[in-house]
Amino acid sequence: MAVVTVYPNKIQLSPGPAYEFNLEDDIALALGAGASAVISTTDAEMFPPGYRTFVSQGDYPLRANGPHGLLKEGVTGCIRWICFARPSRSYFGLKDIGQALLVRRAVADLLLDCEIRFVPTVRYRNGVPVSSRLRHFNRSELVELSSLFVALNHLRKEAARGVSCAQDLIESAKPLIKFRGFELESLRIVAADSFEDQKQIELPFIISGVAVGHGLRVPDNIYVPDQDTLMNGPADIWIDLPESWDPGVRAQSRA
């Protein structure tokens with residue numbers, strides 16, 4: 001039995017843009033993919049007035065996602081879902097690797113009887129990871145964003161070739177980021193267990209970058225847990241851009 005939980009964790013994005021989603025579309029997608037049931041909730045149920053118990057992991061959430069992402073609230077919401085649904089296994093996408101790793105650690109530390117499994121990042125064929133935020137960008141902007149993945153993958157390939165100095169790797173990748181309407185907020189190589197910036201490359205690690213444009217942060221990352229991933233790249237899932245996503249026409253929300 002597969003149960004899909006749907007909750008746009010708005011507190012995790014505050015302050016920031018409104019979280020856009022369409023619950024009916026999400027339910028149809030989940031059921032069409034084989035889910036047995038879909039469970040959703042409201043802000044009042046997830047974090048009601050007076051709610052005060054959060055999963056504390058020190059400054060690890062800030063190291064993982066910076067001051068813009070409130071991963072403490074995100075991890076807490078995930079743990080509440082696990083406690084409510086009582087799954088034997090729970091699946092987290094590698095697109096949000098910081099949250100996935102923190103939830104896996106929280107489950108282990110709290111002795112919860114649930115196995116955390118990671119699933120590959122889904123990317124358009126130009127390298128951009130699929131995200132609801134992309135609906136704000138047209139095709140030409142997605143082409144521009146794709147250079148961030150090019151830089152991240154360059155870092156992985158150079159590390160596989162034997163370059164071990166993280167700063168040298170980062171400096172070699174920056175010229176590959178061809179932004180015009182976006183700005184590069186960060187480009188980092190961090191340890192996967194501590195989220196601290198590495199000086200010398202050591203497995204496991206995360207290569208991460210954040211682009212900013214139109215008031216939105218667009219993160220991307222490559223999780224490198226082992227030698228095979230370092231040499232061959234992650235097992236991402238690649239899909240075509242929607243044909244209706246015409247160049248020069250800003251994508252419209254499904255709301």
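This is a predicted model: local features need pLDDT of at least 70, side-chain atom pairs count only at pLDDT 80 or more; totals for chains, interfaces and linings use all residues.
## A loop with a cis peptide bond

Let's start in a loop: Pro-204 lies between β6 and β7, the latter being residues 205-213. What kind of peptide bond joins Leu-203 and Pro-204? The bond is cis, with omega at about -10°.

## The chain as a whole

Now let's step back. How many helices and strands does the protein chain have? Its secondary structure comes to nine helices and nine strands. The chain has 255 residues, and 41% of them count as buried.

The accessible surface of the protein chain comes to about 13900 Å², and carbon and sulfur atoms account for 53% of that. Contacts tell you how the chain folds back on itself: among those between residues at least 6 apart in sequence, 68% join residues at least 24 apart.

## One face of helix α8

Helix α8 covers residues 166-173, and its buried residues are Ala-166, Leu-169, Ile-170 and Ala-173. Why can we say that they line one face of the helix? Look down the axis of α8: the buried residues fall within an arc of 95°, so they line one face.

What do these residues pack against? The buried residues of α8 pack against helix α7 (139-161) and strand β6 (183-191).

## Aromatic rings in pairs

Eight aromatic pairs are found in this model. One of them is formed by Phe-47 and Phe-54: the ring centres are 5.7 Å apart and the planes are at 15°, so this pair is stacked. To count as stacked, planes must be under 30 degrees apart. Phe-47 is buried, with a relative accessible area of 14%, whereas Phe-54 is partly exposed, with 29%. These two residues also belong to one aromatic cluster, together with Tyr-51.

Phe-149 and Trp-238 make an edge-to-face pair, with 5.7 Å from centre to centre and 70° between the planes. Where do the two partners lie? Phe-149 is in helix α7 and Trp-238 is in strand β9 (residues 237-239), so the pair ties together parts that are 89 residues apart in sequence. Phe-149 counts as buried, at 11% relative accessibility, while Trp-238 counts as partly exposed, at 33%.

Rings can have charged neighbours as well. Arg-63 lies over the face of Tyr-60, at 4.3 Å from the ring centre.

## Cysteines without disulfides

How many disulfides does the model contain? The count comes to zero. Take Cys-83 as an example: the nearest cysteine sulfur belongs to Cys-114 and is 9.5 Å away. A disulfide needs two cysteine sulfur atoms within 2.5 Å, so Cys-83 is in no disulfide. Cys-83 is partly exposed, with a relative accessible area of 36%.

Is Cys-78 buried or exposed? At 12% relative accessibility, Cys-78 counts as buried. Gln-99 is 21 residues from Cys-78 in sequence, and their C-alpha atoms are 9.1 Å apart in space. Gln-99 lies in helix α6 (residues 97-109) and is buried as well, with a relative accessible area of 15%.

Let's finish with some backbone angles. Most residues other than glycine have a negative phi. Which value does phi take at Arg-86? Phi of Arg-86 is near 50°, which is positive even though the residue is not glycine. Arg-86 sits in the loop between α5 (71-85) and β3 (89-93). This arginine is exposed, with a relative accessible area of 69%.

His-214 is another residue other than glycine with a positive phi, in this case near 55°. You can find His-214 in the loop between β7 and β8, where β8 covers residues 216-224. With a relative accessible area of 48%, His-214 counts as partly exposed.

Methods:
Residues are numbered from 1 along each chain as its sequence is written. Side-chain values use heavy atoms; hydrogens and water are left out. Buried means under 20% relative accessible area, exposed over 50%, partly exposed in between (1.4 Å probe, protein chains only). Helices (H or I, at least four residues) and strands (E, at least two) are DSSP runs, numbered from the N terminus. The arc is that of the directions from the helix axis to the C-beta atoms. Contact means heavy atoms within 4.5 Å. Rings of Phe, Tyr and Trp (its six-membered ring) pair if their centres lie within 6.5 Å; planes under 30 degrees apart count as stacked, over 60 as edge-to-face and the rest as tilted. A charge sits over a ring if NZ of Lys or CZ of Arg is within 6 Å of the ring centre and within 35 degrees of the ring normal. Accessible areas come from the Shrake-Rupley method with a 1.4 Å probe; for residues, only the protein chains shown count as cover.
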